[in-house]
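Subject: Structure for you to look through

Hello,

Here is the structure I said I would pass on. Please open it alongside this message and follow the residue numbers as you read.

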Amino acid sequence: MPRFLKILARNLLKGPSTEAFPFKEAFTPPRYRGKVVMNPNLCVGCGICTHVCPGGAIMMKESEDQNGYYFMVWHNTCAFCGSCRHYCPVKAISLSQDWHNAHYQSEKYRMVEHHFVPYLHCSSCGAHIRRLPPALAARIYSHSSVDPATIIRLCPDCRQLATAKREGEVHESSPAPQQP
Amino acid sequence: MGFLSKIAVRSPWLYRINAGSCNGCDVELATTAFIPRFDVERLGCKYCGSPRHADIVFITGPLTLRVKDQALRVWNEIPEPKITIAVGVCPVSGGVFRGGHSIEGPVDRYIPVDINVPGCPPRPQAIMEGVILARELWLRRLEKLEAGGGERRAALS
């Protein structure tokens with residue numbers, strides 16, 4: 001039996017290799033890098049994503065009333081490289097599997113992932129502070145006796161004051177070192 | 001309208017302009033057309049070699065200074081009604097090359113773009129979605145053109 005008949009029979013059994021895509025959903029690999037998604041509950045506003053983005057697609061801007069900041073990704077200049085996800089220290093940025101990017105020109109500037117992240121208020125002086133998620137604070141202060149739950153509600157200045165006070169108390173209570 | 005022009009509207013012909021692309025998007029365009037897995041010719045589309053036969057034109061690349069005049073000249077050769085699809089982030093916004101010293105784009109500064117397919121490069125299925133959008137728009141424009149008679153540009157706007 002000639003070989004080509006075998007191939008012919010196999011191809012007949014296998015069916016067409018063309019994807020049914022426009023009429024059915026296309027296969028998307030599980031690790032496909034699609035549109036950028038950001039979780040505003042995790043963002044600490046460090047801005048490393050804007051720094052590493054090769055296309056300059058990410059913008060972080062303080063709001064007009066200074067109550068928080070806007071986070072924007074414009075997907076029309078995003079290269080879907082995943083640098084932002086890689087460098088995000090709190091894993092707030094992820095890339096979805098959504099690749100349905102084709103759009104009319106009228107929607108060009110609406111291809112945006114847009115979030116408003118509000119500032120917190122310092123529990124001591126009331127100043128605006130960027131949010132520090134409890135999980136991250138617990139990681140930062142894991143080797144210290146400081147209570148992360150109280151310190152994340154303080155602004156950097158008040159944090160410094162609180163630390164100075166606490167350290168001072170520690171030194172007063174411990175006996176002074178002997179002079180030689 | 002004759003019989004031929006009635007059946008011809010099912011099949012827009014495609015044409016590619018490389019306006020300084022890195023070739024990534026061009027490879028995806030070729031993939032969309034020539035690999036049986038995607039096969040854009042199922043939708044009645046076909047690549048053609050001459051801009052004068054084209055109905056839908058793909059533009060890739062950020063429109064570099066070097067290629068700008070040629071790209072615009074070729075684009076002007078394409079008869080109305082044409083649909084322009086910007087493929088990849090470069091023609092849409094300049095992409096990673098935005099602000100470069102030899103970048104004249106984004107393309108919509110010079111050419112009225114109709115459809116954008118961002119991606120670096122977009123996957124073939126996304127390009128096919130763009131082609132489907134373009135085909136609908138093209139059919140609408142053809143209808144307008146028929147209704148508007150000889151005044152081409154006025155009917156299109």
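Two strands are said to pair if DSSP finds at least two bridges between them. Keep in mind throughout that this is a predicted model.

Sheet in chain A

By that rule, E3(A) pairs with strand E6 (residues 112-118) of chain A, since 7 bridges join them. The two strands run antiparallel. One position to look up is Trp74(A), which stands opposite Val112(A) in E6(A).

E3(A), residues 68-74, is also joined to strand E2 (residues 58-62) of chain A, by 5 bridges and again in the antiparallel sense.

As background, the strands of a sheet pair through backbone hydrogen bonds, either parallel or antiparallel.

Is E3(A) mostly covered or mostly open? It is mostly covered, with 6 of its 7 residues buried.

The hairpin of E2(A) and E3(A) has 5 residues between the strands. Gln66(A) sits in this loop, and its phi is near 55 degrees, a positive value in a residue other than glycine. Most residues other than glycine have a negative phi, and most peptide bonds are trans. Gln66(A) counts as partly exposed because its relative accessibility is 45%, which falls between the limits of 20% and 50%.

Sheet across both chains

The other sheet to find is an open one of 6 strands, in the order E5(A)-E5(B)-E4(B)-E3(B)-E1(B)-E2(B), with mixed pairing. Its edge strands are E5 (103-104) of chain A and E2 (46-47) of chain B, each of which pairs on one side only. Where do the chains meet in this sheet? E5(A) pairs with strand E5 (residues 115-117) of chain B in the antiparallel sense, over 2 bridges. In E5(B), Asn116(B) is the bridge partner of His103(A).

Two helices of chain B pack on this sheet. Helix H2 (residues 24-34) touches E1 (13-18), E2, E3 (56-60) and E4 (83-87) of chain B, and its direction makes about 145 degrees with that of E3(B). Helix H3 (residues 68-77) touches E1, E3 and E4 of chain B, and its direction makes about 165 degrees with that of E1(B).

Chain B in general

Chain B has 6 helices and 5 strands. Along the sequence they follow the pattern α-β-α-β-β-α-β-α-β-α-α. Of the 157 residues in chain B, 52% are buried. Among contacts in chain B with a separation of 6 or more, 80% are between residues 24 or more positions apart.

For one residue in detail, take Ile17(B), in strand E1 of chain B. Why does Ile17(B) count as buried? Its relative accessibility is 5%, and the cut-off for buried is under 20%. Leaving out residues up to four places away in sequence, Ile17(B) touches Val57(B), Phe58(B), Ile59(B), Thr60(B), Ala71(B), Val74(B) and Trp75(B).

- The peptide bond from Glu80(B) to Pro81(B) is cis, with omega near -5 degrees; Pro81(B) is in the loop between H3 and E4.
- The peptide bond from Cys120(B) to Pro121(B) is also cis, with omega near -10 degrees; Pro121(B) is in the loop between E5 and helix H5 (124-148).
- Leu63(B), in the loop between E3 and H3, has a positive phi near 60 degrees, and is not a glycine. Leu63(B) is buried, with a relative accessible area of 1%.

A pocket

The second largest pocket has a volume of about 300 Å³. How many residues line it? There are 17, and those nearest its centre are Arg31(A), Tyr32(A), Arg33(A), Gly34(A) and Phe80(A). By class, the lining has 10 nonpolar, 3 polar and 4 charged residues.

Regards

Definitions and conventions:
Residues are numbered from 1 along each chain as its sequence is written. Chains are lettered from A and ligands numbered from 1 in the order in which they are written. This is a predicted model: local features need pLDDT of at least 70, side-chain atom pairs count only at pLDDT 80 or more; totals for chains, interfaces and linings use all residues. Side-chain values use heavy atoms; hydrogens and water are left out. Helices (H or I, at least four residues) and strands (E, at least two) are DSSP runs, numbered from the N terminus. Contact means heavy atoms within 4.5 Å. Axes are lines fitted to C-alpha atoms, for helices over the stretch in contact, and angles run from 0 to 180 degrees between N-to-C directions. On a 1 Å grid over the protein atoms alone, a cavity is a set of points where a 1.4 Å probe fits but cannot get out, and a pocket is an open set with protein on both sides within 12 Å along at least five of seven lines; lining residues have an atom within 4 Å of a point. Grid points are joined across faces, edges and corners, and a volume is the space filled by probe spheres set on the points. Ala, Val, Leu, Ile, Met, Phe, Trp, Tyr, Cys and Pro count as nonpolar, Asp, Glu, Lys and Arg as charged, and the others, Gly among them, as polar. Buried means under 20% relative accessible area, exposed over 50%, partly exposed in between (1.4 Å probe, protein chains only).
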